[in-house]
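Dear colleague,

I am handing over the structure we spoke about, and my notes follow below it. Please read them with the model open beside you.

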Amino acid sequence: MRLFFFGFLFVLAACGSSGPIFEDDIADPPVLYTNGDIDPFRGRVPQDRSILYATEREPATDRPYGDTSAGILRVGRASMRLGLPDLSTADLIQFTLQENRPRVLPVRVIGVEEFGPLQASRHPAADPALFAGDALAVDRRFADAVNARIAAAPGDDIVIYIHGAQSDFQNPLLVASEMRHFSGYANTFIGYAWPAGTSLFDYLDDTEEASVGAFQLRRFIKYLASETNARRIHLVAYSAGTRMVTEALGQYGLEFKSASAARIRQTLKLGQVVLISSDADPKRLGAYLIDGADRIPEQLTLYQSTRDLALNLSSFLFRGSGRLGQSSRTPLPPHIQTFLRSYPNLTLIDVTDAERSNTANGHRYLRESPWVASDLIASLTFGLSAEARGLVPSTDLTRWVFPADYPDRVRRAVLDARPDLRRSIN
């Protein structure tokens, strides 16, 4: 068992970082854009490319935030740089949409400005000294910052990215910044940094932290829903971060069990909830759905794979219970098929056939697969259903899969929905 555990940690090393990482290479462009027909920017590349953030991490002396939990949320803004300092906006657009780039394009955190502790995250066990003075000033300032971005963007939705295990504070900022760029700056993105560790040996502690963190995530969503002008709030969670989101949905399901659908929409404004490479227990999510969690978001989407080695090992570590992000080409038992179909806003997507979905042990297809990236954009940014954006049903009709001609399908779908994005020919 000890030998297996060390092997498991080795595999997880491909899924996270080993220390503070302030920079990463921008992912290859979504296949949606690589034939040159679609221009996602249409002149909308803001000079201010900073990313808003919320974190439950304690501040640190050698970096903005460490790996321990503060029990409350701090919010602020991180200054980001996409590309190199000498790169013009036009070149940034050109190079980020090229398959074979002439130069390395980094995305980097170049500064962090904390606004302070969020009053909406305060609870009886929190240190009162943290909220001295005008405690609501931080809440107002962050809401104003969100509203300013909503006003400047063509879309009025918020997208919160929640990272996985073995990740530092900067990780969700880097990924959220990249996602915001490839979405054409259509909506407002927030990086949510929960107190995961950066050591190979932190995985089990991280899974505990992720589940406990659902308490503050629920408060943050309610705060954004009530204090900002967002029309909807979308959650995109990766790997162990999906534990936090499934716990939050389960707790919301019980809290709003007797509430009307209209009250749920008004109080939470949750649009799409996307779980990617999830290492959560599927039985737990199933119980939450039975308890009413399906009523909380407008749409719940699970991206799964048959080739996710990290989840295979995670499943073994948790006594072979299976993980939510695992898929199978074997038809599910009839009673399970019936159960899944009873939730019309639940969508399962098998990425096994998506290009480069097996890169990095099959666990990092969110950033490694240009097909998966395109599917997420077509769903979140353009609001296209699985069928509308080119996916096809599995043989047992419980999942959606990627056909061989998916690139052409998704491009046609987006241009049909948004003909104004067709690149003009000079």
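Is Glu113 buried, partly exposed or exposed? Glu113 counts as partly exposed, because its relative accessibility is 31%, where buried means under 20% relative accessible area, exposed over 50%, and partly exposed in between, for a 1.4 Å probe and protein chains only.

Before going further, please note that this is a predicted model, in which local features need pLDDT of at least 70 and side-chain atom pairs count only at pLDDT 80 or more, while totals for chains, interfaces and linings use all residues. Residues are numbered from 1 along each chain as its sequence is written, and side-chain values use heavy atoms, with hydrogens and water left out.

Salt bridges

The structure holds 28 salt bridges, a salt bridge being a side-chain nitrogen of Lys or Arg within 4 Å of a carboxyl oxygen of Asp or Glu. In one of them, the side chains of Glu113 and Arg141 meet at 2.6 Å, N to O. Arg141 belongs to helix 3 (residues 136–152) and Glu113 to strand 4 (residues 106–117), so this pair ties together parts that are 28 residues apart in sequence; helices (H or I, at least four residues) and strands (E, at least two) are DSSP runs, numbered from the N terminus. Arg141, at 36% relative accessibility, counts as partly exposed.

Another salt bridge joins Arg231 to Asp157, with the closest N and O atoms 3.6 Å apart. This pair links distant parts of the chain, 74 residues apart, since Arg231 sits in the loop between helix 6 (214–227) and strand 7 (232–238) and Asp157 in strand 5 (residues 157–162). Asp157 counts as buried, at 2% relative accessibility, whereas Arg231 counts as partly exposed, at 47%.

Glu255 and Lys222 also meet through their side chains in a salt bridge, at 2.4 Å, N to O. Glu255 lies in helix 7 (residues 241–255) and Lys222 in helix 6, so the pair ties together parts that are 33 residues apart in sequence. Glu255 counts as partly exposed at 36% relative accessibility, and Lys222 is partly exposed with a relative accessible area of 28%. Salt bridges that share partners also join Asp156, Asp157, Arg231, Arg232 and Glu298 into one network.

Strand 9 and its neighbours

Strand 9 (residues 299–304) is mostly covered, with 5 of its 6 residues buried. Strand 8 (residues 270–276) runs parallel to strand 9 and is joined to it by 5 bridges, two strands being paired if DSSP finds at least two bridges between them. Leu302 in strand 9 is the bridge partner of Leu275. Strand 9 is also joined by 5 bridges to strand 10 (residues 346–350), again in parallel, and there Ile349 is the bridge partner of Tyr303.

The largest cavity

The largest cavity holds about 230 Å³ of space. Its lining is made up of 20 residues, of which Met179, Phe182, Ala373, Leu376 and Ile377 lie nearest its centre. Two or more lining residues come from each of helix 4 (170–182), helix 12 (365–368) and helix 13 (370–380), and helix 13 gives the largest share, 5 residues.A cavity here is a set of points, on a 1 Å grid over the protein atoms alone, where a 1.4 Å probe fits but cannot get out, and lining residues have an atom within 4 Å of a point; a volume is the space filled by probe spheres set on the points.

Definitions and conventions:
1 Å grid on protein atoms, 1.4 Å probe; cavity = no way out; pocket = protein on both sides within 12 Å on 5 of 7 lines; lining within 4 Å.
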